[in-house]
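Hello,

Here is the structure you asked about. My notes follow below it.

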Amino acid sequence: MAEQTDVLIVGGSMVGLAQALFLAQQGIRPVLVERHTHISAHPRAQAASPRTMELMRALGLEQKVRRQENPHAQYGDILQVESLTGAELGRFDGPFRHDPNEVSTTGWTLIGQDRFEPVLRAKAEELGADIRFATELVSYEQDADGVTAVLRDLRHDTETTVRAKYLVAADGFRSPIREGLGIGTHGQGVFGRQMNIIFHAALDEYVAGREFFLCFVSNDKVKGVLGRLDDADRWVLAPSLPPQETHTEYSEEDCVEMVRAAVGVPDLDVAVESSSSWEIAARIADRFRSGRVLLAGDAAHVMPPTGGFGGNMGVQDAHNLAWKLALVLRGQAGVELLDSYEEERIPVAEFTVEQGVIRYLQRSGLDEEVAARHRPETTVLFGHVYRSGAVLAEPGGDDGAPVEDPTQPSGRPGTRAPHIVLRSGGTDVPLHDLLTGGWRLLAGPDSGLWETAAGGVSRLTGIDIAFHRVGGEEPAEVVEEFLKQYGVTTSGAALVRPDGFLAWRAAEQPADPAVELSAVVHRLLSRTV
């Protein structure tokens, strides 16, 4: 008899763990399998973006993530040197740590993937996710009703059959699942390869009091990035390699010599712990879905590390997908809702990959045409514009751009709900802190029947639609900000999806808000009335 689960997640790094967490938040108990025995010791992604931290805040995880920051995170700066003991070539600001930006209530957290993933795993398991390391996907078949997978427990060399309604492939940039589905990729391809060398060495005397988060090293023997992994003597060096080479071609002695060259001390005592390597590339999958199999993270898109967008993009894939899967699995939405995942995320992936490439190529100079396509970090992280069946677009005025400037929000459906601080029970609460998995209807101070409409539609559909009248407790300046940023009148309303994006708005209250809102929800969720 096959084991039953709603969702099987393949891949247990940052994106797979985030997928398990967001599904568990929605009340879905997924099974996650990862062939490695434990979370990787290699930091890989080096920061959680403000948008990722916004999602962590809503889960009550912001401070837990902050407490796991990299040892030198408090410095923020990035140093450029010939070697750690050699000439200093420059210094520039890294991501602003902790500081809220103009469109959110939180900022970057400088945390390696090796430190972030345990936080995701612990919370996912606390909420009911079944996470199995040392377990690999042997094979799977999908049919009209689900996916039948064979899993192997590598510790005990036993096999189990699992029947899932959906499978999420978070199995990395090579993604055997994507390749098995025959889904191709497009993009600029491979730029190079990066190697990670984790080592132990006493470097404090060579740091010589300089404060930095990361140190970029460039000399005739090694070009790469140096960073500290703990408060002792554990460090990582990430040297650049030619595209055709991998870490397997470098002996432990080779690794020691690269570390010595990066530090600038020929006889430095170095103990290598481990090494790995990965491609620096730009690719996007041609499709993010094939039947009951959905791609997320590096399986769906790969980009250069510059900007810190890659892993964070995967977290947002998982967040976008989780609430849609949950509604479909609960029978509250038609299966067509899942079409919106690919419709929304592919254009965002193409835009974000290009922005990562532009930042990568800036190291060697850009021609004017490419440089003109550079967009500010805030736009890359918060400016996405979705067009899909899960958004009720308004007629006219759409230029088709994948992003808008979030510092000048339009409030139109398909954009992230503009940041606003609401007041509830005498306490100020940022809107996105309230988005813990359900829908929210925001209405102006003269909202009249909107609250009754939201309650009626919630009872009729089983969809949780929380209501908030802006102006009930908020001062006049907040009401004015809401009306301007959301593009509604004092009697209008805006419907915010579980992922914090606007699904629909009414500039003013219609004759029968209950009928209007019911029709809107049925259309958004592909339900028959």
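Two strands are said to pair if DSSP finds at least two bridges between them. Helices (H or I, at least four residues) and strands (E, at least two) are DSSP runs, numbered from the N terminus. The model is predicted, so local features need pLDDT of at least 70 and side-chain atom pairs count only at pLDDT 80 or more, while totals for chains, interfaces and linings use all residues. Residues are numbered from 1 along each chain as its sequence is written, and side-chain values use heavy atoms, with hydrogens and water left out.

The sheet

Ala493 has Ala506, in β22, as its bridge partner. Strand β21 (residues 493-496) runs antiparallel to β22, and four bridges join them. Both belong to an open sheet of four strands with mixed pairing, in the order β20-β19-β21-β22. Its edge strands, each pairing on one side only, are β20 (465-469) and β22 (502-506). From one strand to the next the twist averages 15 degrees. Helix α14 (residues 513-524) packs on this sheet and touches β19 (439-443), β20, β21 and β22; contact means heavy atoms within 4.5 Å. The direction of α14 makes about 155 degrees with that of β22. Axes are lines fitted to C-alpha atoms, for helices over the stretch in contact, and angles run from 0 to 180 degrees between N-to-C directions.

The helices

The axes of α8 (residues 310-329) and α9 (residues 339-361) come within 10 Å and cross at roughly 170 degrees. The two helices are therefore roughly antiparallel (angles over 145 degrees count as such). On the α8 side, the contact includes Met313 and Leu321, which are among the residues that meet a group in α9 including Tyr341 and Val348.

Helix α4 (residues 113-126) has 14 residues and reaches 20 Å from its first C-alpha to its last, close to the 20 Å expected at 1.5 Å a residue (1.5 Å times one less than the number of residues). Among its buried residues are Phe116, Val119 and Leu120; buried means under 20% relative accessible area, exposed over 50%, and partly exposed in between (1.4 Å probe, protein chains only). The buried residues of α4 pack against α1 (14-25), α2 (50-58), α3 (62-67) and β5 (130-133).

Two loop residues

Asp157 lies in the loop between β7 (147-153) and β8 (158-169), with a positive phi near 55 degrees. Asp157 counts as exposed, at 61% relative accessibility. Ser175, in the loop between β8 and α5 (176-180), has a positive phi of about 30 degrees, but counts as buried at 0% relative accessibility.

Regards

How values were computed
Parallel < 35°, antiparallel > 145°, perpendicular 65-115°, else oblique.
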